[in-house]
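Trainee: Could you walk me through this one? I have a few questions ready.

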Amino acid sequence: MSASTHSPVLKHHFEDLNQQHASERLGMWMFLATEVLFFGGLFGAYACYRLWYAAEFEFASSFMNVKFASINTVFLVTSSLTMTLAIRCAKLGDKAGIYRNLLLTFALGSAFMVLKGFEYAEDFHEGILPGASSFGVTDLKHNIKTDAEHAGLDTGKVRLFLCFYYIMTGIHGVHIIIGLGCILWLVQQNYANALPPDNYSTVEVVSLYWHLVDAIWLFLMPMLYLAGAHIKHVGH
Amino acid sequence: MNSLPPLIPVAASTLAYQFEYLFWYITIVTALGGLAVYAALLYFCIAYRRGNTTGSTPRILGSTKLELAWTIIPTIIFFSFFFWGMWVYTKAVHPPQDAMEIFVIGKQWMWKAQYPNGQRVIIGGNPRNMTEAERNSIGKLVLPINRPVRITMISEDVIHDFGVPAFRMKMDVLPGRYTTAWYHPTKTGEFHIFCDQYCGTWHSLMVGKINVVGEQEFDEWLGGMGSQQGTEQPVDGSLAFKGRQLFLKLQCIKCHSADAKAAAPVLEGLYGTRVPLKGGGGEFADPEYIKQSILKPRLKVAQGWEPIMPSYEGQVTPDDLDALVAYIRSLKRGTTPNWTERMNPPVGAPTVRSEKKE
Amino acid sequence: MTTAVTTATPKIVPPPPEPAPAEPNYLNINYSLWGWLTTVDHKRIGILYLISITVFFLAGGIAAGIVRLNLLAPDGAIINEDAYNRAFTAHGVLMLFFFLIPAVPAVLGNFLIPMMIGAKDLAFPKLNLASWYVFMIGAGFGVWAILAGGIDTGWTLYPPYSSRSSQSNVVPGVFGVFISGFSSIMTGLNIMVTVHKMRAPGMTWGRLPLFVWSLYATSLIQLLGTPVVAITTLLLMVERVAGIGIFDPLIGGDPVLFQHLFWFYSHPAVYIMILPGMGVVSEVLTCFSRKNIFGYHAVAWSSMGIAVVGFMLWAHHMFVAGISYYSALLFSFLSMLVAVPSAIKVFNWTGTLYKGSITFQAPMLFALGFVVLFVIGGLTGLFLATLGTDIHLHDTYFVVAHFHFVMVGGMVLGYMAGIHFWWPKMTGRMYSDWWSRVAAAIIIVGFFLTFVPQFIMGYHGMPRRYPNYPQEFQVYNVMSTAGASILGLGYLLPSIYLTLSLFFGKKATGNPWSATGLEWASPSPPPPFNFDEAHMPVVVCGPYEYALGIDQMGRGLPEGPGLGTANDPSSKHDESSAPGPMNKETEVVG
């Protein structure tokens, strides 16, 4: 094959577009496997402690803001929908549609992060923190550690749950931000006309990542927020 | 430099022997297998070197029979290692019910052991890192021969490991959780204790000695009377140690100071000897006599001494008396402590150190 | 059951003419530093890695020298305890993360995989370049941590010491390891996708060179294992920096959990380190004995078996760490299983030599050295997999000797074999045959002297990571240090003659070893896209058809090393066997 018959989106080291797209897809699936193992370590560690310290973990989980988490879940799942629609638009060559759906996805993902920010702020004010101190905040609504003591539970293990909460949601948040960056990159690629129908796989590949981040949230949310949902107490 | 140690290191426990049989079985089998491979390699390299061949070779792709053979046979051999190893391991981690229990605490960078009777000893460690009191109590982990002992361990800080090569046993020592190891010593002698999990700067100084002694010697030591440690003092936590503290606190040391100007007879080596009494006769220095001397000292005064010892009746409990007896029993020549501590004297005791006139 | 050879053999084609030197080739297409730093050519990236890891190997070697020198005296000969702890940690971290793990995959794998499968480049060339930068950034943090005073936790980083107690540069060092792990993932991903999707026409899975199989298996481990150490090191850093952590016993955390997570990666990691070396050995042994590999499928599947089973063994590093009795049984049992594919490989390699026609140039000496030393390394692993013996041998020099036998005696020798085998292809130059053989011999002898005494003193109980040790171990330590100096000398030699070869070495032909792989079908050094784009390779047969005298494209082989080919009238020749495979007796081993 000669250079003149190359599609402009074909990269030179590939023989043809099929090979290129197949490679890109396989590469992204392999990357998703690494993400599963990355979070898997965290989930595995959490599972151990969840089994050993069920009472403390459920108690601590009952202080989590289920409302915020539910709204965030809606945001993320919807963003996966809009991301998939972006693929469809790319397949059909609907450049405006690609913009629309990508930007909607971006907006929903950002809304997730914003709500997360509010949630962390509220956690801070409520003293739902993993450290031994409360950072000198004195007007706490209640202190989860003293509440735990009153309930006859081990404060340390309650703090352990909170370590997991912040680390897991924090790392997940970092992945959302990376995903948002990738979406912006797609917007730029669209602007540069690099997403014609015979290169829609680029959008597909980013959407695979986005779906995984969404899927991880779908596991994270019940684990952290619903473990203590059966415990009713004042405050939340 | 020393000459080479013997091939097989000292095997001082039942587990050590079990280990050795297994170890040498694996060594012999793997050595045979390895040598067989080496022999084949060597032979092929020589027989089929280029200078010895035509340069053209047969097209051999393999042999399923051989593949099966050299898959199945090694698997069986390896599983034999596994099963024998499992047998030894099962023995190693299941202490007998009647094992004496010793508690060991690992901390950077020393070991603290406590015996069932409360006796404590510090093993090894970095002398630079210890308090004066700790340094004085550095000793050895004394164990009786032929009696199973279980060590229950925990760490005060980071992960350590209590390892005894002569017993072929080691176990990590964790913070927040107890682990156990057990030994059945079969040889007397001194054996290394190593910390076998890296724990920081002085990890290599967190070493000490196990001292396996005969039954009787162990019992004596447990009572605080043996001197298996580096010092001659009774071991911290023992009855004799408590007695020593009382001896100093009650200011017995003021008169029984074992120096030339002492106002009272020296007590070193007194126990079990015959004490000539003032006024004739003698008394055997047993616990009865010693207790009586403390409670009613003017009844039987030692010959050559004045009846000036005050009575401690009402100031010592029966337990205190036992401790003092244990201490006096443990007092060896030259081990009377120096009187350096300043404490309020008990009621009735002389406040000025009397000079004995020659 | 016999192994019959019944497929029709391809029509014989005489050896192709020596390919014209590539003008330009991948080395001289530009001479600018910028050109090198922005390259997306997998061959240049391989060279970038080669230079980097050589530097780290030197640094790690210096650290080893400091360690061994200090051990000459029972109370530390040259440095204090704190410095010693930092020295052995630096040695471990540098050698494992910044030399061994990238060595064959990132240097030889990057360079050769596309060529071996007949592709123009890896699947993701920019990702490949990014992987080198990520590696260098990670290494930068690691080196910074060392230069700023070092870390003293041991490369295994166990908390609570590393999270709470250590007063050293834990976070930069661990961060360096964390970052460079991503490079490992990228390389693994790249290689796997390339092997799946970019093989030349006719290159079926059953015709892949075993080096590619080994690297595929390695990449699988890199891909799936490294993320776990990534999260583990991240959690450790969070605990150390923020004081909140899931391994802290004071709040109910379990430091043994760290060990599980850490070893879940670090055990398969050792297979990342050894499998590529095994792949090199398969390539070299076949070429220098002029024979097919004995049991191609067995060897290929063994690589995959090691990779998969290797994920199930991690807690054999933790038999005395406080795991349950039943866990210990399980992991010991599984550890026995992984020894089997390794044994299979050794037997198959030995069988490859049978009735071969063997020459002993440096690549072959290194490859044979690998087999000899790996046998000892692997067999001593059995002592450690066996529960009853591991209790005593754990954390002693027996373990140190075991892993050095497999990692240095195995992997480093495999790396040397690969470098010496493919040097002509990479650089277009031949090196001194005599000096390379001498170096191989010195390295093998020096290695023995260094590490055999360590088995003995480990068996006698000498613990690891001890700058102070009882007097009775001194004689072994001195022997080991003496051996290390010989080993060091041995490593010095290639750095000299290989460098000299770049300027004074004989220009290499396209296929100086007369090997069958596709990588040898191009000129030395190769052009930027590996092959003449109008004539990309088409594969017609399996690798290693030395007995038939053809390469993977069915063309004949040029004059080989030693006394020439069967067709060469000057070789010692058995006239009764007619040349050519059509009439050749194919010996069948029942």
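Trainee: How many residues does the contact take from chain C and from chain B?

Mentor: Good place to start, and keep in mind that this is a predicted model. Chain B gives 78 residues and chain C gives 94 residues.

Trainee: Which helix of chain C gives the largest share of the side that touches chain B?

Mentor: Several elements give two or more residues to that side of chain C, including helix 3 (81–117), helix 8 (255–289), helix 10 (325–353) and helix 15 (474–504). The largest share is 14 residues, and it comes from helix 10 of chain C.

Trainee: By class, how many nonpolar, polar and charged residues does that side of chain C have?

Mentor: Here the side of chain C that touches chain B is sorted by class. There are 13 charged and 31 polar residues, and the nonpolar ones number 50.

Trainee: Turning to chain A, is it compact or more spread out than a compact globule?

Mentor: Chain A has seven helices and zero strands. For its 236 residues the globule rule gives 18 Å, but the radius of gyration is 22 Å, well over that value. The C-alpha trace spans about 75 × 30 × 30 Å along its principal axes. Chain A is therefore more spread out than a compact globule.

Definitions and conventions. Residues are numbered from 1 along each chain as its sequence is written. Chains are lettered from A and ligands numbered from 1 in the order in which they are written. This is a predicted model: local features need pLDDT of at least 70, side-chain atom pairs count only at pLDDT 80 or more; totals for chains, interfaces and linings use all residues. Two residues are in contact if their C-beta atoms, placed from the backbone, lie within 7 Å. Helices (H or I, at least four residues) and strands (E, at least two) are DSSP runs, numbered from the N terminus. Ala, Val, Leu, Ile, Met, Phe, Trp, Tyr, Cys and Pro count as nonpolar, Asp, Glu, Lys and Arg as charged, and the others, Gly among them, as polar. The radius of gyration is taken over C-alpha atoms; the globule rule is 2.2 Å times the number of residues to the power 0.38.
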